[in-house]
Amino acid sequence: MRSETVLIAAASLLGSCGAAKPDPKTLPLPPMGFNNWARFMTDINETIFVDAAAAMTTNGLQAAGYNRLNLDDAWSLTKRNDTGSMAWDPAKFPKGLIWLTEHLKSLGFIPGIYSDAGTLSCAALYPGTIDHERQDLHDFYAWGFEYLKLDGCNVDNFPEVYGFWLDLLAKFNKDKGKKRVVFSNSSPAYYADPKDLRGWYSIMMQAAAGGQLARHSYDIITYSNNPGWNSVMSNYGFNIRTTRFQQPGFFNDPDFLIADHPGLTLDEKRSQMALWSSFSAPLIISANIPTLTKEELEFLTNKNLIAVNQDKLVQQASLVSREHNWDVLSKSLANGDRLLTILNKGNSTGDITVPWARIGISPADSDKLGVRDLWTGNATTSKGSSGGITAKNVPSHGTAVFRISGGKLKTVPTGIILNTQTMHCLTDSASGAATWAACDGSDGQTWSITKSGSVSSILNPKSCLTNNNGSVSTSKGSCGSSTFTFPVSGNIVDNASGFCVTENTDGTTSATWCGDVETNQVFGVPVGVEIDYS
C-alpha cells in the first residue's frame, strides 16, 4: 500500500507537523452513526441518507445513540468549479448537500463528509484536497458538515500532509468554539504492514497527537457473499496493538460495523458489536438501515454494550490472556466496575473460566461481586473467594461479555505484555527467567503493573521485573527499587538505567539502548497503565 521509502521516512516524523494533543471537548465519546461505504460503495445518493435517517428515527437506532450520518467517497463531480471548490453531483444529490445537512439536522442527526488528502479520492475519479485544504474545509463547514473522514489515496508525503491537516483543524476548531469539526484520520491505514510496523507506529503517534479518530488498518470487507470473519479479525488484530494510543478525545477506529453482511453469521455479527463496544471504538454502521432484521437491530441497540462503549473513562479493553482458541480482554469503567470480554476464536462451542487475578481483581480485597451478563442482562452474585468467572457455551466466533461490580471492588492494570510485531508474550517462570514465547494463556504471561511502575506476574506475585546489568528477569524483593515507565512509543523504560526492555532473537529479554520505534522494543501493556504522552 505504501512505498518502502515513504514507510521508512515516516519513522522520523515525531516532532514534525501535527497538533500537540487532542482536545476532549471536540469528541468526548466515540461516535455512533451510519456511513454508506462498506454497504453501497460508490453507489451513493441522496435517497440512501434520507431513508437511513427516517428508518433510524423509528427502529430504535437514533434513540440508542446513533446520531451521525456520514457521506463517503464519490459524492462530488469529477472537476472543481470555476471558484476552485468541489461541487456535489446534482444527479446523485438533486436537492444539494446544503439541503441534505439541514434535513438531517432537523431530525436530530449530525452530518459528516468524506474527502481525500491527495490528488484524487480512492475512487480515482474525484478531486482530493491537496493544495485546497483551507478552501475545502471552509466549504464543508459552510455546507453544514461537522465530521470529516480524510482518506489517504494518492498522497506522496503522509507525515507532512496529515501534519498540516492536524494543525489546520486544531486552529479551525479553536476559532469555532463549541461547534467543531471531528477529524477522522486515515493515514495509519496506509502503513498497516504486519511485516514491518515501524512506519505504522510512528504515523499512529502523529495521529494520536491531534484529531479525534485514526483509521489504523484495512478497509472492512464490503458487501458481498464472501466470508467476512477474517476481515473483522484482521482489523481486530490491529486494534489490540493500539491500546496505548487511545485517550480522552482520541479513539482508535477498526472501521465499520457491517451488521447486515451476508458473509457473517449472527454470532460473528454480535461478536463484532461486543468487541468494538469493549474497545470504546466508533460504532459506525455500514448497512442498509431500512432493511436491518430484528436480530441485527437487537444487538446494535443493546443498552448494556452501548453503555460500555460510551463509558466516560473511554478505556480500550486490552488482552488479559491469549491462547489458540480464546482471547480474554478487560478494562475499567468510570464507576469503578470492571469489564470482562471473552472471544471464542475456535471452531466449536466451548467453556472457559477466567480467574479473578487475571481480571485484575484481588478476591481478598472484595466483598460479594455482582456479575452481569451483558447479552442477557442476567445478574448473579459471586463471593470474592470464588475462583473467577466461567463463560459457558460460548459459540464458535462468539463473544461473552460480563460487567463486574462490588462495593469494595479494587483493580490494578493486569494483562499480557505483548510484542506488537512478533505477537509474542512476555513469559515469567518459576526460576524468574523472563522470556518471549507464543501466547498460551498461562499465569506466567499475565502481569500486574502498579502505579509506581513495578511489574509482576500472577505466577510470581512477590517478584518483580528487574534489570540486572542488562539482563531482565523477575526477582524477589526488587519491587520497591525496580520500576518502569511506559511512553506512547510503546517502549518499557527502566527508570534506573534509562534503557528499554528488548525482545532478543533467541527469546531472552534484555535492557538496551532505546531505538526509534524498533520492533523488538514496542509493546502493548495492560489498559490502565499510565502512558507518558509527552
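The helices (H or I, at least four residues) and strands (E, at least two) are DSSP runs, numbered from the N terminus. This is a predicted model, where local features need pLDDT of at least 70 and side-chain atom pairs count only at pLDDT 80 or more, while totals for chains, interfaces and linings use all residues. Residues are numbered from 1 along each chain as its sequence is written, and side-chain values use heavy atoms, with hydrogens and water left out.

Strands of a sheet pair through backbone hydrogen bonds, either parallel or antiparallel. In this model, an open sheet of eight strands runs in the order β7-β6-β5-β4-β3-β2-β1-β8, with parallel pairing; two strands pair if DSSP finds at least two bridges between them. Each of the edge strands, β7 (251-253) and β8 (283-285), has a single partner strand, so one side of each is left without a neighbour in the sheet. From one strand to the next, the twist averages 25°. Inside this order, β5 (residues 182-185) and β6 (residues 213-215) pair in the parallel sense over two bridges, and serine 184 stands opposite leucine 213 in β6. Helix α3 (residues 46-58) lies across β1 (32-35) and β2 (68-70), running at about 165° to β2; axes are lines fitted to C-alpha atoms, for helices over the stretch in contact, and angles run from 0 to 180 degrees between N-to-C directions.

A cavity is a set of points on a 1 Å grid over the protein atoms alone where a 1.4 Å probe fits but cannot get out, and lining residues have an atom within 4 Å of a point. About 100 Å³ of space lies in this largest cavity, with grid points joined across faces, edges and corners and the volume being the space filled by probe spheres set on the points.

Finally, visit serine 442, in the loop between β20 (435-438) and β21 (447-449). Serine 442 is partly exposed, with a relative accessible area of 25%.

Methods
Contact = heavy atoms within 4.5 Å. Buried < 20%, exposed > 50% of the residue type's maximum accessible area, 1.4 Å probe, protein only. 1 Å grid on protein atoms, 1.4 Å probe; cavity = no way out; pocket = protein on both sides within 12 Å on 5 of 7 lines; lining within 4 Å.
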